[in-house]
Amino acid sequence: MDSHIYGVSEKTLFLFTLLCFSVASISALPHQNRTGNSTVTGQMINSNSVLVALLDSHYTELAELVEKALLLQTLEEAVGKHNITIFAPKNEALERQLDPEFKRFLLEPGNLKSLQTLLLFHIIPQRVGSNDWPGHKANPTRHTTLCNDHLHLITKNSGKKLVGAAVLTRPDDVTRPDGVIHGIERLLVPQSVQEDFNRRRNLRSISAVLPEGAPEVDPRTHRLKKPEPPVRAGSPPVLPVYDAMSPGPSLAPAPAPGPGGPHHHFDGESQVKDFIQTLLHYGGYNEMADILVNLTSLATEMGRLVSEGYVLTVLAPNDEAMAKLTTDQLSEPGAPEQIIYYHIIPEYQTEESMYNAVRRFGKIGYDTLRLPHKVVAQEADGSVKFGSGDGSAYLFDPDIYTDGRISVQGIDGVLFPEVEKESTSVKKSVSSVKVSTTTPRRGRLMEVACRMLGSLGQDSHFTTCQ
C-alpha cells in the first residue's frame with residue numbers, strides 16, 4: 001500500500017510534480033505567433049536593417065513568399081551574425097514568368113522545404129556590392145548561399161553582370177548597414193528544387209521558368225520597347241547624417257538632385273516651413289512649432305539636412321504632453337534641443353511602415369539624431385507605442401505631414417532616453433518645483449527660456465519675451 005502525505009499518495013504527488021515541471025519547460029520555449037514566425041522574447045531588430053527594407057520594398061512578391069515560407073526568424077539570425085546580399089527577382093518574374101504548376105507546387109504545405117530552399121538560394125551570407133563583381137576578363141566568382149548551394153557571379157564582354165543565369169537589372173537597389181539588395185530579371189531555381197518538382201510531376205522536360213516571349217512593341221511608336229535603365233530611387237547621401245550635423249565646416253555633399261528649387265535641388269527650407277505651417281493649421285502642436293522656430297535653430301538645421309538629401313521623421317508631442325514638462329527637465333543648457341533631437345528619426349517612416357514593422361518583429365529600434373540613443377517602438381492596442389513604462393507615448397495623430405522627405409507623426413507624450421528617465425525620477429524625489437505660466441500663448445518652454453534670459457538682462461532683445 002502506498003504511504004500517504006496529508007491524504008495524498010506519494011505516487012500521485014510525484015506525477016503532479018512531473019506534470020508541473022513539463023508545463024514550465026514548454027512555456028519557457030520560444031513561442032510562435034499566429035503567422036508562424038518564431039519570435040524570441042526581448043529580441044529586437046533595427047529599423048534600418050536590410051530585412052525590414054526588403055519587407056517594405058517594391059519587391060512585394062518576394063517579401064510575401066518569405067513570410068509564407070516562415071523564414072523571418074532564420075533571416076533575423078543571419079542578419080545578426082553577418083552582412084547578407086539578397087538577389088530579388090522583379091515582381092513580374094514571380095507573377096507572369098513562372099509556370100503556374102511550379103508556383104502551385106511551391107505553395108503546397110507539403111513542399112515548404114522546397115520553397116525555403118528556393119528563397120535561401122537568393123541570399124549570400126556576406127556583403128557583395130556591384131563593385132565586387134569580377135571583370136569580364138576574370139573568372140566567375142563562386143559564393144555559397146544560405147541553403148548551402150552555390151551561385152556564380154559573371155560579367156559578360158558587353159558589361160552585363162549576371163547572377164547564375166539572371167541578369168542584374170538594379171544593382172545596389174537597397175543598401176543598408178547590414179546588407180544590400182540587388183534587383184534581378186528572373187527567379188533563380190536551384191537544381192535540387194527543379195529535380196524535386198520534376199519528380200513530383202514525373203515530367204523531367206518541364207522547366208520552372210517560362211521561356212521568354214516575343215519582344216514587346218510600343219503601340220504609340222510601333223517600335224520595339226527598349227529595357228529601361230536601372231534607376232536607384234532615393235539613393236541616400238554618401239555621409240551619415242551625424243557627420244552632416246557635426247560642427248565646423250560643412251562635410252556634407254552638395255544638395256541632392258530633386259524636383260524643387262531654382263537649380264532642381266531639394267528645397268529643404270521651403271519643405272520645413274511647409275510642415276511647420278501644417279502643424280499650426282492642424283491644431284494642438286503649437287508648442288512644437290514654437291520650439292522649432294523661436295526657441296532653437298532646429299528648423300534651419302532640418303532644412304539644411306533635407307536640402308542635402310537626407311530624410312527625416314518627426315515624432316511631434318502634442319501641446320498637452322509638452323505642458324507636463326518640468327523646470328528640472330528644461331533648466332540644463334541645450335535641454336530643448338536634446339529633447340527634440342530624441343524625437344527626430346533620420347529615416348522616412350509613415351504610420352503604415354512603422355505599424356507593419358512592429359507587427360512583424362515585435363520591437364523595433366529607431367535611430368535618433370540624439371546619438372547613440374534609440375527610440376524603441378512596439379505594437380500595443382492596435383497602434384504603435386514608443387518607449388516603455390510611464391514614459392511611453394502612443395501614435396496619436398498619424399501622418400500629419402508626409403511629402404516623401406519629411407514625415408510628421410503626432411504622439412501623446414514626450415519621450416526621454418532610459419538613462420535620463422532614471423536621473424529625472426531621482427530629482428523629483430528630492431524636490432518638486434511647480435512652474436506657473438503667466439503668458440500661456442508663449443508655451444511652457446518659451447516661458448522658462450524667457451525667465452532664464454530675464455535673469456541675465458537679455459530678455460529685451462527678443463520680441464517673443466516682451
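Which residue takes a positive phi in the hairpin of S8 and S9? In this predicted model, local features need a pLDDT of at least 70 and side-chain atom pairs count only at pLDDT 80 or more, whereas totals for chains, interfaces and linings use all residues. Residues are numbered from 1 along each chain as its sequence is written, and side-chain values use heavy atoms, with hydrogens and water left out.

The residue in question is Asn148, whose phi is positive, near 65 degrees, in a hairpin with five residues between the strands. Helices (H or I, at least four residues) and strands (E, at least two) are DSSP runs numbered from the N terminus, and two strands pair if DSSP finds at least two bridges between them. Strands S8 (residues 141-144) and S9 (residues 150-155) run antiparallel and are joined by four bridges. Arg142 has His152 in S9 as its bridge partner.

Antiparallel pairing also links strand S18 (residues 374-380) to strand S19 (residues 383-386), again over four bridges. Ala380 is bridged to Ser383 of S19. Two residues lie between S18 and S19 in their hairpin, and Asp381 in the turn has a positive phi of about 55 degrees. S19 pairs in turn with strand S20 (residues 393-402), in the antiparallel sense and over two bridges. Here the bridge partner of Phe386 is Ala393 in S20. The hairpin of S19 and S20 has six residues between the strands, and Gly387 takes a positive phi near 75 degrees within this hairpin.

Aromatic contacts were examined next. Rings of Phe, Tyr and Trp (its six-membered ring) pair if their centres lie within 6.5 Å; planes under 30 degrees apart count as stacked, over 60 as edge-to-face and the rest as tilted. Six aromatic pairs are counted by this rule. The pair of Phe105 and Phe197 is tilted, because the ring centres are 5.3 Å apart and the planes stand at 55 degrees. Phe105 belongs to helix H6 (residues 100-107) and Phe197 to helix H8 (residues 191-201), so the pair ties together parts that are 92 residues apart in sequence. Phe102, Phe105 and Phe197 are linked by ring pairs into a cluster.

Accessibility was classed as buried (under 20% relative accessible area), exposed (over 50%) or partly exposed (in between), with a 1.4 Å probe and protein chains only. Phe105 is buried at 5% relative accessibility, and Phe197 is buried at 0%. Val293, in helix H11 (residues 286-295), counts as partly exposed at 47%. The C-alpha atoms of Val293 and Ile276 are separated by 8.6 Å, the two residues being 17 residues apart along the chain.
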